[in-house]
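Open the model in your viewer and have the selection tool ready. We will go from stop to stop, picking out a few residues each time.

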Amino acid sequence: MDGGEHERPVTADDPPPRSAVVVNPVKVTDFDAFRRTVDDALAAAGWPRPVWYETTVEDPGRGQTEAAVRDGAQVVFACGGDGTVMACVSGLVGTDTALAVLPQGTGNLLAANLGLSADLAAGLAVAVERGLRRLDVGVVGDRHFAVMAGMGFDAQMLQDTSETTKARIGWPAYVVGAARHLRDRPMRVTITIDDEPPLRRRARSVLVANVGRLQGGVRLLADAEPDDGWLDVAVLTPRTLRHWLALGWGVLRRRGSVPRMEVFRARRVEISSDRPQPRQLDGDLIEPGRSLRVEIRPGALWLCVPRPERDPDLARDVDAVGERGEQLVEEARRE
């Protein structure tokens with residue numbers, strides 16, 4: 001499936017697709033009401049009733065997604081947090097089945113890059129309107145990610161952010177987790193990009209990104225495009241509170257280079273640290289380690305997006321889609 005066109009045209013004559021929902025039931029407050037809303041909205045759009053799969057502690061979604069593909073699903077809805085979405089991505093890589101995101105909980109990174117936040121109606125409308133785009137994915141061992149991998153401060157922030165606080169105030173809870181580690185000791189890293197000579201840095205975090213948005217919609221990497229065949233590697237080197245403030249202001253202003261941040265492009269990157277570090281893929285923590293090896297797999301995932309055109313911003317049409325999604329849900333409720 002790699003290579004070829006980035007967009008798959010869908011015409012009015014195409015029959016409604018078969019679909020499946022891979023859901024983490026722990027993330028859904030009222031599961032019956034949620035399932036009824038999804039089923040009714042898809043029925044109102046003329047889609048067949050989806051097949052539902054629940055994740056488990058032992059399998060957060062990859063096995064269920066692979067089963068859905070074997071059973072003929074053409075669209076898989078990932079419904080849960082970052083771990084659920086990442087598991088579904090791994091189950092769909094290299095197939096012709098598209099991923100649609102129905103975010104639950106807080107801070108879903110792929111949903112943030114789609115501009116979906118926790119908007120169920122918009123997520124449904126994005127899928128129903130059949131905007132499709134083929135994305136690159138990052139590969140770490142036998143796992144895959146669509147947004148970014150990270151080692152150091154970013155994963156430490158995720159590790160120390162309270163689930164209770166996230167549930168209460170949403171993505172700003174990550175700011176609380178981040179504040180605890182602003183003065184931590186930097187890590188000594190060796191970064192090898194493709195076949196270039198190794199770089200050595202004293203860094204707080206190294207991010208390997210396919211798409212550029214962080215939690216809250218903040219665009220860290222303005223030039224990161226999800227289907228250009230490249231990974232963007234950001235090396236963050238702040239050491240003092242003043243450095244952090246300069247870096248944050250530079251990201252928000254987005255004029256020229258950002259202080260205390262170097263950016264490289266790679267198809268393959270290996271990061272090695274002088275001591276074990278927390279690590280994350282698409283906002284979901286994985287086991288700590290002293291190294292992180294990432295490579296790009298171009299065009300490996302079909303994603304349902306608000307706008308199928310090749311635009312660096314996956315969320316370009318999200319506000320209008322959200323309004324149409326609300327109309328779809330209301331129509332379903334009336335029937």
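Start by selecting Trp 52: with a relative accessible area of 13%, this residue is buried. Keep in mind that you are looking at a predicted model.

Next, select Phe 153 and Trp 244, an aromatic pair with 4.6 Å from centre to centre and 40° between the planes, a tilted arrangement. Phe 153 belongs to helix H6 (residues 153-159) and Trp 244 to helix H9 (residues 241-253), so this pair ties together parts that lie 91 residues apart in sequence. Both Phe 153 and Trp 244 are buried.

How many aromatic pairs are there? The count comes to four. In one of them, the ring centres of Phe 34 and Trp 52 are 6.1 Å apart and the planes stand at 85°, so the pair is edge-to-face. This pair links distant parts of the chain, with Phe 34 in helix H1 and Trp 52 in strand S2 (residues 51-54), 18 residues apart.

For a charge over a ring, go to Trp 230: Arg 267 lies over its face, 3.7 Å from the ring centre.

Finish with helix H5 (residues 120-128), where eight of the nine residues are buried. Among them are Leu 120, Leu 124 and Val 126. What do the buried residues of H5 pack against? Their partners include helix H1 (31-44), strand S14 (284-304) and helix H10 (318-334). After H5 comes Arg 130, with a positive phi near 65°.

Methods:
Residues numbered from 1 in each chain as written. Predicted model: local features only at pLDDT ≥ 70, side-chain atom pairs only at ≥ 80, totals over all residues. Heavy atoms only, no water. Buried < 20%, exposed > 50% of the residue type's maximum accessible area, 1.4 Å probe, protein only. Helix = DSSP H or I, 4+ residues; strand = E, 2+ residues; numbered from the N terminus. Contact = heavy atoms within 4.5 Å. Phe/Tyr/Trp six-rings, centres within 6.5 Å; stacked < 30°, edge-to-face > 60°. Lys NZ or Arg CZ within 6 Å of the ring centre and 35° of its normal.
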